[in-house]
Amino acid sequence: MKSDPKIQMPDGLNFDLLPAHVAFIMDGNGRWAKKRLMNRVKGHEQGAQTVEEVVMACRELGIDVLTLYAFSTENWARPKEEVKALMHLLKRFLKNKTEELRRKNIRLNILGQIERLPDDVRKQAEQAMAATEKNSAMILNLALSYGAREEITMAVQRIAAKVRSGALELEGITDKTVSDHLYTAGMPDPDLIVRTSAEFRLSNFLMWQAAYSELVFTPTLWPDFTKQEFYRILIDYQQRDRRFGKV
């Protein structure tokens, strides 16, 4: 996808070597708030502003797919008030940003158990996806009530059902068969996965798709993450030798 010609891009970035798919594990909202003696919700609110900046940066660069780990299956175990606040922020983002996504030609997609979201949030998400479904410049995946183990288990169940019904031969199951039954079916695997806040793990995120992803772990807390740091990460990514197991 071509970058926006009206945007002045950073020196040192090769637009022929940009990743097609970038994914973020957005970590550190709570710690950002704690450092400032604020309620954790304030950290999530500040983090939502970073989401907007990163989405627009990817659109300006011409990156095809951006995936944001917004809410995991494990996050349902957080305090009820925090979960409620997160759902409110999500609904507000979907309501306020759908028109901008439509104008920027960005298609919204949800990865995860959308049926577990509160009814009003689920309906807002479905409306946003419907309003942007014909957009073609970029895909924005929000991973909501998402867990990679759950995703892979679901894929195995669907494949097993096809084998049992005779629609698929056991010998016909390949890597592509599994990929085609994941939430990300039809999308490229992430070339680059970035995790903020100095945690060094994937936390049940895109574990099948991340087989050959380049990983970056930055100590920056998500609310403090900027597009300038993103540019530096992309320049570093372009210096890596991606051999995919070959010599």
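The points below concern salt bridges and the exposure of their partners.

1. This is a predicted model, in which local features need pLDDT of at least 70, side-chain atom pairs count only at pLDDT 80 or more, and totals for chains, interfaces and linings use all residues. Residues are numbered from 1 along each chain as its sequence is written, and side-chain values use heavy atoms, with hydrogens and water left out.

2. A search of the whole structure finds 17 salt bridges, each being a side-chain nitrogen of Lys or Arg within 4 Å of a carboxyl oxygen of Asp or Glu.

3. One of them pairs Arg 31 with Glu 199, with the closest N and O atoms 3.1 Å apart. This pair links distant parts of the chain, since Arg 31 belongs to helix α1 (residues 29-35) and Glu 199 to the loop between β5 (192-195) and β6 (214-217), 168 residues apart; helices (H or I, at least four residues) and strands (E, at least two) are DSSP runs, numbered from the N terminus.

4. Arg 36 forms a salt bridge with Asp 224, the closest N and O atoms lying 3.9 Å apart. Arg 36 is in the loop between α1 and α2 (40-61) and Asp 224 in the loop between β6 and α7 (227-239), so the pair ties together parts that are 188 residues apart in sequence.

5. Glu 82 forms a salt bridge with Arg 78, with 3.1 Å between the closest N and O atoms. Glu 82 counts as buried at 8% relative accessibility, whereas Arg 78 is partly exposed at 30% (buried means under 20% relative accessible area, exposed over 50%, partly exposed in between, with a 1.4 Å probe and protein chains only).
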